[in-house]
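Dear colleague,

I am handing over the structure we spoke about, and below it you will find an account of what was found. Please keep the view open while you read.

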Amino acid sequence: MSDFEAKKDLVTLRINGITVQASSGETVLTVARRTGIDIPALCHHPKISSSGACRVCLVEINGVPMTSCTTHAEDKMEVITNSPYIEHLRRDMIDLILSDHPNDCMVCQKTGECELQELAYKYGIRNPIFSGERRIYSKKDGNPFIDRDMEKCILCGRCIKICDEVQGVGAIDFAYKGFDTKVCPPFEKDLNCEFCGQCVMVCPTGALTGKAWIGKGRYWKIQEVDTTCPYCGIGCNITLHISDNRIVRVTSPEDSVVNKGLLCVKGRFGYEFVSSPDRLKTPLIRKDNELHPASWEEALSYAAKRFLEIKETHGPDAIAGLSSARCTTEDNYLFQKFIRVAIGTNNVDHCARL
Amino acid sequence: MASLATIFGSGAMTNSIREIEDNEVIFIIGSNTKESHPVIANMMLKARAKGAKIIVADPRKISMCKFSYLWLRQKPGTDRALLNCMAHVILEEGLYDQAFIDEFTTDFDEWNKSLEEFTPEAGEKLTGVPKEDIIKAAITYASSRKAAIYYTMGITQHTHGTANVNAIANIALLTGNIGRRSTGINPLRGQNNVQGACDAGCLPNVFPGYQRIRIPKIHKKFENAWAAALSPNPGLTAPEITEKAAEGIIKAVYVMGENPVLGDPNMGHTIKGFKNLDFLLVQDIFLTETARLADVVLPAVCFAEKDGTFTNTERRVQRVRKALLPPGEAKEDSWIIAELSRRMGYEMNYSSSEEIFDELGSLWPALEGITYAKIQQRGIQWPCPTKNHPGTEYLYKSGFPRGKAAFTPVPFDRDTVKEDKEYPFVLSTGRNLFHYHYGSMTRRVKAIESHAGKAYLEMHPDDAAKLKITSDASVKISSRNGSVIVPVRVTERVRQGEVFMPMHYAEAAVNILTDEKALDYSKTPGYKITQVRVEALIGEEK
Amino acid sequence: MTDPTIEIKVCLGTSGKASGGEDVLRAFKKFIQESGIEARVGSRCSYKTVGCRGFCSKDVLVDVIVNDQKTTYQSVKPIMVEKIVTDHILNGNPVPQWTATEDYDSFHDKQYKIVLGPCGEISPDSLDDYLKINGYKAARKAVTKMLPDDVISVVINSGLRGRGGSGFLTGKKWELCRKQPENPHYIICNVGEVNRALAEGNPHAIIEGLLIGGYAIGAEKGYLYIRERYHISVERLRTAIIQAKEKGFLGTNIFGSDFSFDIEFSFGTEAFICGEETALMESIEGKRAMPRPRPPFPAIKGLWGKPTVINNAETFSNIPMIVGKGAEWFSSIGTEKSKGTKVFTLTGKVKNNGLVEIPMGMSLRDIVYGIGGGIEGGKELKAVQVGGPSGGLIPMSMINMGLDYESLSKVGSIVGSGGMVVFDEEDCIVSVARFFLEFLQRESCGKCTPCRVGTKRMLELLTKITEGKGEETDLARLDRLSAIMSVSSLCGLGRTAPNPFITSFNHFKSEYLAHIRDRKCPAGVCKALITFSIIEELCKGCGLCKRKCPTKAITGEVKKPHILDADSCIKCGACYKACKFKAIKKV
């Protein structure tokens with residue numbers, strides 16, 4: 001149950017001895033985190049409904065271990081999030097997950113951003129007590145956007161839920177049973193996917209990554225710049241990850257004001273054009289009916305000269321400017337000012353109606 | 001957009017994106033939201049999860065139909081008839097907002113009279129939508145106080161685009177579904193900074209901030225501000241510029257970041273116009289089809305290589321930041337313009353994009369309260385007139401800027417699509433999920449190209465059967481202006497007799513087919529309806 | 001002499017059909033017609049196909065009733081029919097060698113049949129038969145003369161508890177659902193494996209129970225959740241629904257009241273997890289069957305998010321009788337906290353296998369030795385697994401315990417699906433636990449970590465022990481896994497999954513230790529821990545073992561002691577079973 005169905009009645013409960021107020025539809029996890037008490041959770045994610053699958057967010061509620069992500073706050077509840085018993089259960093839960101996870105953090109793209117790695121670190125689990133067989137899958141993945149390494153999948157189900165509940169696509173679901181349970185498209189056939197990458201965004205481990213950024217650098221060595229998506233008019237807030245003067249990855253802050261961290265295939269994966277070899281790198285001037293490289297001085301002077309000549313001969317209204325709905329507002333402002341003042345005509349328009 | 005501004009005084013989305021999730025009724029007409037504005041669709045699905053009903057009106061079975069409470073499959077070009085009929089039902093059912101009509105609108109009676117003939121029965125005949133569905137849609141929309149309309153080019157890119165927008169405005173005014181949170185009229189902008197380009201004054205009849213050139217006081221204001229004598233006459237629109245170029249009246253054109261050869265209707269006509277110029281200057285990041293015709297090409301930087309702002313579809317001014325060094329000798333557009341200007345005898349001295357933005361703000365009250373410092377973390381929605389103003393989430397909270405809004409009768413002359421034996425199919429054009437516009441950016445992304453790199457024509461299975469073709473077989477599609485060869489994708493997304501072609505693929509350029517003469521009052525071309533012929537290819541043509 | 005009234009009842013339940021019941025019935029019809037009896041007795045000769053009566057190991061069961069004189073034949077084959085018709089029906093002499101034995105009587109006599117009572121007696125396809133045993137009277141009474149709350153009170157007072165899962169008070173569940181303001185309400189009947197006999201033998205009782213439940217909780221729609229594979233059950237329920245609709249027992253304005261109720265089928269998949277009620281609801285909603293977290297409980301937020309009651313077919317079958325005969329009648333059966341009867345499937349090393357209905361509180365001894373007739377081959381009872389795969393093993397030493405919800409819970413078992421598997425001295429307890437874990441691991445839905453990975457690790461550890469590679473630390477691991485799984489799993493399947501290990505380890509620790517410390521399997525089951533050899537002195541050189549050995553591990557000349565090559569031996573035990581002189585030693 002997601003929190004938006006929250007009823008508004010206030011309840012008072014105690015978490016680790018601290019008295020807190022909550023609206024009765026809120027989950028214990030939400031209330032605790034808001035209070036500054038961290039409860040780890042691998043399947044819970046604020047953008048999707050809770051499923052209670054990973055069991056890592058167990059807390060003692062009135063003495064009974066329960067998942068805090070699925071239990072709603074109630075009046076007079078006594079919640080303990082950090083008793084030795086709970087920590088023991090939690091530790092073993094992580095141990096079980098790690099027992100079926102490749103121990104290859106040193107080559108995993110997710111290192112440092114991996115929620116499972118973080119918990120292994122916190123609980124100091126180097127070799128799981130409950131070691132045993134691990135699921136081995138051969139990668140068979142034709143899509144050009146998302147790298148799916150199902151051996152790293154911990155079956156938290158976040159990807160399934162975000163694809164279904166947020167994206168409305170439902171491209172993937174659990175298949176098979178028992179230890180062989182696997183997240184895949186129906187019948188492991190075609191992936192009916194929009195490649196929005198919301199699944200990549202919510203994946204807690206390295207199971208889902210963008211193909212574009214694998215091996216392009218560790219996240220802490222990458223410079224992040226907040227900006228606005230250059231595609232449709234929504235103006236999604238994005239963060240460019242820059243390494244070696246290249247965009248290696250694009251993310252969106254989860255709480256971004258416009259798009260709440262959601263992106264589409266273009267906004268998340270469509271930036272290779274920036275570093276395309278086709279980019280124009282020098283001014284060009286037409287000579288003998290062909291375009292030849294020229295210096296800025298040559299090109300600018302020549303252009304100014306031609307505009308002045310034509311203005312002189314045919315009047316300013318024989319010249320027109322077409323600007324772009326993709327350039328910045330500042331560029332557009334300057335452009336129309338140039339046409340209106342330097343040329344002296346109102347023949348200026350842009351492509352918005354096209 | 002022009003028409004929306006005529007009615008209300010502003011042509012922008014009246015609500016905010018974040019208000020979508022609280023909509024109770026979402027009426028999508030002429031917008032393939034899931035593909036063209038995917039993240040808006042996400043917000044709509046969130047509303048749906050909270051109980052909102054989605055009504056889709058579209059001739060094509062677009063992805064949004066899957067989530068719709070009701071899907072109205074109107075015949076192409078009959079949107080305004082459908083909207084008129086809905087208005088008829090709303091009046092009939094008494095679901096209008098009399099108090100709102102009295103206080104905020106004019107010309108109701110005349111308009112009301114114009115609706116007489118638009119009964120649901122007539123609507124069914126005109127639009128092909130069953131009358132029960134028209135009634136259901138009208139009642140659903142009018143029964144909610146949180147009903148919002150969303151549209152894009154499916155409404156505007158028609159020879160009757162203005163009439164379509166008027167018809168939309170009419171039902172919003174009739175129900176009073178405008179001027180409050182989560183209810184209003186929302187044109188979704190197709191490009192990142194359409195709003196900003198308009199705001200900045202890249203329009204022939206207005207100065208920055210939609211201030212009319214014709215009004216002497218305003219003309220004077222800008223002459224003073226820019227310390228220059230300015231032309232008092234409104235200029236030419238983009239289609240007119242091409243037209244006049246072909247006629248030899250326009251002699252030189254300066255194109256910044258745009259590719260009219262591919263983007264304007266009737267490519268043959270456009271090329272002719274541009275070739276006819278004495279001088280063509282193109283400033284872009286790629287050597288586009290238009291740049292290839294230029295006398296001088298100037299390398300500009302892309303969004304990631306400069307500072308500035310984009311204003312999104314909900315009027316939110318947001319920062320764009322320089323993250324990369326530009327390739328080669330590429331320069332920022334503002335630097336190029338200033339250098340050119342200087343050489344033409346008009347100095348432009350700006351040390352940063354922020355200075356330019358502040359100048360714009362000083363000339364238009366709606367932006368006056370916005371500064372780079374204020375939008376450091378998150379953007380602000382204009383109007384934002386003062387430094388302490390938080391911005392405006394939704395428009396017309398306390399009435400329309402021009403006073404009352406007028407109801408506009410929208411006649412339906414039934415001749416958008418003419419019977420044509422020679423060109424029996426109706427072609428509409430638009431986007432798919434994976435590409436953007438005419439492809440100069442997305443087609444240079446290998447991942448996207450490898451997944452969606454081929455042009456196609458959507459065609460109904462029955463039509464395909466008649467032509468004895470199957471998916472992936474190439475066809476020749478021709479209009480009076482030209483023809484292209486494109487592989488077919490057989491699908492029930494389109495109806496019999498209708499075909500759809502995405503606009504992104506230069507190798508099968510839709511604008512070889514479209515017609516430049518199909519212009520609306522707003523000078524928007526009718527990209528959504530072109531009458532074409534489709535022929536299977538035989539023998540060597542394949 | 002007047003001609004006799006003759007009735008032939010043939011069991012055509014799943015087992016009856018599988019054993020050739022339809023051929024037997026055809027044979028009866030053929031011979032009776034050919035012998036001319038039918039012509040003589042006319043309408044007084046009738047055939048009835050009935051549902052299962054539980055004693056499936058002796059199918060096909062046929063009742064020949066001549067003038068109310070009933071003789072039951074067991075294991076009937078078509079070839080036997082001519083003799084039965086000639087000797088018994090024509091000449092009045094039953095065929096003693098084929099009539100049901102003492103086992104049949106003791107199997108039935110010691111049971112207490114409430115829900116199974118009409119099964120095997122009435123024709124499941126006949127509404128008239130059901131009406132004759134007071135069918136739909138309780139429903140009529142409930143709908144026309146009782147308020148929904150009164151119905152709920154009766155069910156609460158009867159003490160009826162859910163026959164499928166954790167044994168929650170049925171009436172309380174109904175009450176909670178009824179109180180929910182959100183509409184509509186739904187009611188679901190889960191027809192599980194163990195309920196097939198009820199659906200095949202007396203489908204109308206399920207329909208009537210569901211109808212009464214629907215009335216009580218304020219539902220207008222009921223679902224029958226059943227695997228499509230249970231063809232006979234589905235067909236008989238379908239017929240029953242059609243008949244009930246024709247009579248106006250289902251549909252609108254039932255019994256002239258303003259209560260309307262309809263029943264729809266929802267076909268499930270082959271998954272053990274579908275017995276879990278929230279997973280079942282997911283399945284009805286068309287999603288993958290995976291349990292939902294609770295709270296919220298289904299009675300508050302169930303199917304499609306609406307208040308929902310789920311009970312199984314056995315629970316519903318009890319309802320018409322409870323409403324008809326009253327709460328007191330029902331609560332007089334059973335123990336203090338566990339009322340009424342319970343159906344178990346008695347299987348394993350017991351003589352009489354089948355479906356048994358016992359009053360709550362009956363001792364395990366009475367079930368195994370009374371109804372079941374003891375252990376096959378006179379061997380020693382070792383343990384009984386009660387409650388299905390995730391139930392618990394109850395050792396011989398506790399055989400006198402009475403079975404009810406409380407006592408089973410006390411020994412780490414459950415009523416569960418009502419499974420009851422009997423193990424004898426030749427069964428290895430570690431292998432038994434491993435067997436159940438293997439099933440549970442396979443059937444884990446995969447959603448929560450402790451069940452998905454925990455069952456896998458338990459299975460691996462138990463396998464390791466049966467393979468003779470176990471270490472004592474493995475026992476500590478198993479113990480720790482059991483402890484976390486039973487408290488932290490999402491649903492009942494995961495929480496009870498460690499039961500087979502926990503209970504077997506509690507009662508048979510020495511057997512585990514023998515596997516680990518001594519590398520021996522006391523029951524001689526675990527192949528890695530046994531060796532076969534030939535005792536020279538006893539071997540007569542008959543060559544039988546040599547012929548049976550699939551790997552040619554035994555060599556030797558006729559009439560001389562043979563030799564077994566341990567390296568080639570795969571420990572299949574074929575020689576051990578074949579040797580008539582006990583000359584093969586298994587250690």
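The domain bounds used in this message come from an automatic or database domain assignment. On that basis chain A is divided into domain 1 (3-82), domain 2 (216-279) and domain 3 (284-353), and the C-alpha centres of domain 1 and domain 3 of chain A lie 62 Å apart. Please bear in mind throughout that this is a predicted model.

Chain A also holds an open sheet of five strands, whose order is 2-1-5-3-4 and whose pairing is mixed. Its edge strands, each of which pairs on one side only, are strand 2 (18-23) and strand 4 (64-67) of chain A. On average, and with direction ignored, neighbouring strands of this sheet are turned by 40 degrees against each other. Strand 3 (residues 58-61) and strand 4 of chain A run antiparallel and are joined by four bridges, and within strand 4 of chain A it is A:M66 that stands opposite A:V59. Helix 2 (residues 84-99) of chain A packs on this sheet, where it touches strand 3, strand 4 and strand 5 (78-80) of chain A, and the direction of helix 2 makes about 155 degrees with that of strand 3 of chain A.

As for how the chains meet, two pairs of chains are in contact, and of these chains A and B share the most contacts. Chain B and chain C, by contrast, are joined by no contact, their closest C-alpha atoms lying 13 Å apart.

Turning to chain C, its secondary structure comes to 25 helices and 17 strands. The domain assignment divides chain C into domain 1 (6-103), domain 2 (134-331), domain 3 (341-424), domain 4 (429-517) and domain 5 (531-586), with 48 Å between the centres of domain 1 and domain 4 of chain C, taken over C-alpha atoms. Along its principal axes the C-alpha trace of chain C spans about 85 × 70 × 40 Å. The radius of gyration of chain C is 27 Å, which agrees with the value near 25 Å that a compact globule of 587 residues would have. Of the 587 residues of chain C, 59% count as buried, and among its contacts between residues at least 6 apart in sequence, 69% join residues at least 24 apart.

One strand of chain C may be worth a careful look. Why can strand 13 (residues 419-424) of chain C be called largely enclosed by the rest of the structure? Five of its six residues are buried, so the description follows from them. Strand 9 (residues 341-348) of chain C runs parallel to strand 13 of chain C and is joined to it by four bridges, with C:G348 standing opposite C:V422. Strand 11 (residues 381-386) of chain C, on the other hand, runs antiparallel to strand 13 of chain C and is joined to it by five bridges, with C:L381 standing opposite C:D424.

In one of them C:E7 pairs with C:K48, the closest N and O atoms being 3.6 Å apart. Because C:E7 lies in strand 1 (residues 6-11) of chain C and C:K48 in strand 2 (residues 45-50) of chain C, the pair ties together parts that are 41 residues apart in sequence. C:K48 has a relative accessible area of 17% and is buried.

Another salt bridge joins C:K306 to C:E182, with 3.0 Å between the closest N and O atoms. This pair links distant parts of the chain, 124 residues apart, since C:K306 sits in the loop between helix 13 (277-284) and strand 8 (308-312) of chain C, and C:E182 in the loop between helix 9 (170-179) and strand 5 (185-191) of chain C. C:K306 counts as partly exposed at 21% relative accessibility, as does C:E182 at 35%.

C:D474 is buried at a relative accessible area of 0%, whereas C:R477 counts as partly exposed at 27%. In chain B, salt bridges that share partners join B:D420, B:E422, B:R480, B:R533 and B:E535 into one network.

With kind regards

Technical notes: Residues are numbered from 1 along each chain as its sequence is written. Chains are lettered from A and ligands numbered from 1 in the order in which they are written. This is a predicted model: local features need pLDDT of at least 70, side-chain atom pairs count only at pLDDT 80 or more; totals for chains, interfaces and linings use all residues. Side-chain values use heavy atoms; hydrogens and water are left out. A salt bridge is a side-chain nitrogen of Lys or Arg within 4 Å of a carboxyl oxygen of Asp or Glu. Helices (H or I, at least four residues) and strands (E, at least two) are DSSP runs, numbered from the N terminus. Buried means under 20% relative accessible area, exposed over 50%, partly exposed in between (1.4 Å probe, protein chains only). Two strands pair if DSSP finds at least two bridges between them. Axes are lines fitted to C-alpha atoms, for helices over the stretch in contact, and angles run from 0 to 180 degrees between N-to-C directions. Contact means heavy atoms within 4.5 Å. The radius of gyration is taken over C-alpha atoms; the globule rule is 2.2 Å times the number of residues to the power 0.38.
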